[in-house]
Amino acid sequence: MIEIKNLTKTYGGERAVDSLSFSIEDGIVFGFLGANGAGKTTTLKMLVGLAFPDEGTIAIGGGSPSETSTREKIGFAPETPSFYDYLTGYEFLEFSASLSSRGFSRRAAEALLKEVGIFEARGISIRNYSKGMKQRLAFAAAIAHDPQFVFLDEPLDGLDPLGRKHMKGIIRNLKKRGKTVFFSSHILFDAEELCNEIGVIHKGKLLYAGETKRFCDGKRLEEKFVEVVEKQ
Amino acid sequence: MKNIFLIAKNTFRETIRDRILYGVLAFAIIFIVILFFLSDASLGEERRVFTSVGLGGIYLFGTCITIFLSAAMIAKELDKKTLYFVVPRAVSREQVIVGKFMGLLASVALSIFILSLAYFAALSARAWFAWENILALALQILESALLVGIIIFLSTFLRPMLAVLASIVVLYAGHSMTTLAAMAERMSPSLGDLALLFSYVFPNLEKFNMRNDVIYGFPVPSAEIVFAFLYAAFGTALALLLASLVFKKKEL
């Protein structure tokens, strides 16, 4: 379970994240939605231990992300990922998977590279990868150690329609395997398709957290989202 | 320990593939040609000039690699956010710092080693090889270790260019402090005290300079070598400890 209580983060006197409180049960695909600059990435950074809250607490599987034992259960793919350019995709995945107690398995890594669709490019330096291939590699690196909680920042951004379909399939598979997936997005069509639950953030404040269907109330997610945000 | 080794291996692989080796090899070839040319041109002082240019060249090139490679690598990690794939994992920030240090030091040491091989080959060709040369180069690697530690520490809170400039200041002050302190002491006691204060702030990098002893054939007391080793170990540990303390609080 992911539990966020009163989470607050201030940058330069402005509250980027303002008293966020919500929880996500295990096995849920949770879409964290908001316009650009709403506070999605700041929240994600705090969830995975890259940034520290000014106030409030985060519990992931009962532990704080500041503890390495909690981060063992976490996988994270950043928005516009940057890699060690002179490594190959396979080497990077090997490095990523090895940074866990589970360790690295060649067979598992190859299967994962096939699953995300870059197996053929595994021996090529990452600097020669396209944006979409990098996005796929980031996704693979996030789940290489089989984490219980997967955090993805705009995972479908930069992918072509086939790539998006592919990645959405992997997210569904993660859900089937009981993993909790938390992803931020401003592409609401994808969120509507994938998420059991959503959180809507606007100017750092949480406007809604709960079931997607209940939020939509018979409307399309995008329509309802615009309606709710414009009321603010 | 496993995580430190993985980060070190990854850092080493990335830096070595980043064309650094080509630069080192190109410099090694030019370096040998210059060595032979200069020593042949210095009548009666061939061996001394050969050793002086050889050790000096390796020091200059090795130090440039140490500063620019370390600063560039840390800047890349922080600015390009490659650390986003490392820090959210079951890795402590101290392990990241130590792993980066070890990987960078391995790359720097390999570069110095390649240049040293070229130098030793050239020395042997003239039948001038002396074991003291190895000692001088080993001490250079100790100095590089301390410098890498200092650059990592500076990079945790300074912009890359400022970190490079600050490390050049540390390098210059570190090699001049002993001379400056002696000069200041002669001018006035208060200036001497000030110089003494600065000498505690900056590392005394002259502890690692045994090039002149090798060039002029002076014996190097073993106590000085042991002290240099301990000085490097303590200084590097302190720099990495400070870097870890700053990095632990750093938001990425």
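Two strands count as paired here if DSSP finds at least two bridges between them. With that settled, here are some close-ups of the predicted model.

**View 1. The six-stranded sheet of chain A.** Going across this open sheet, the strand order in chain A is 5-6-7-3-8-9, and the pairing is mixed. Strand 5 (74–77) and strand 9 (205–211) of chain A sit at the edges with a single partner strand each, so one side of each has no neighbour in the sheet. From one strand to the next, the twist averages 15 degrees.

**View 2. A parallel pair inside that sheet, strands 6 and 7 of chain A.** Here strand 6 (residues 149–153) and strand 7 (residues 180–185) of chain A pair up in the parallel sense, with five bridges between them.

**View 3. Two helices lying across strands of chain A.** Helix 1 (residues 40–47) of chain A lies across strand 3 (29–33), strand 6, strand 7 and strand 8 (197–202) of chain A. Its direction is at about 150 degrees to strand 6 of chain A. Helix 9 (residues 221–230) of chain A lies across strand 3, strand 8 and strand 9 of that chain, and runs at about 35 degrees to strand 8 of chain A.

**View 4. The three-stranded sheet of chain A.** This one is also an open sheet, with antiparallel pairing and the order 2-1-4 in chain A. The edges belong to strand 2 (14–24) and strand 4 (55–60) of chain A; each has a single partner strand, so one side of each is left without a neighbour in the sheet. The twist averages 20 degrees from one strand to the next. Zoom in on strand 1 (residues 2–11) of chain A and you'll find five bridges joining it to strand 4 of chain A, the two running antiparallel. Thr8(A) stands opposite Glu55(A) in strand 4 of chain A.

**View 5. Helix 3 of chain B and what follows it.** Helix 3 (residues 93–125) of chain B has 33 residues. First C-alpha to last, helix 3 of chain B reaches 48 Å, close to the 48 Å expected at 1.5 Å a residue. Just after this helix, Ala127(B) takes a positive phi of about 60 degrees.

**View 6. Where chain A and chain B touch.** Chain A puts 23 residues into the contact and chain B puts in 21 residues. On the side of chain B that touches chain A, the residues split into nine nonpolar, eight charged and four polar.

Key: Residues numbered from 1 in each chain as written. Chains lettered and ligands numbered in written order. Predicted model: local features only at pLDDT ≥ 70, side-chain atom pairs only at ≥ 80, totals over all residues. Contact = placed C-beta atoms within 7 Å. Nonpolar A, V, L, I, M, F, W, Y, C, P; charged D, E, K, R; others polar. Helix = DSSP H or I, 4+ residues; strand = E, 2+ residues; numbered from the N terminus. Axes fitted to C-alpha atoms, helices over the stretch in contact; angles between N-to-C directions. Expected span 1.5 Å × (residues − 1).
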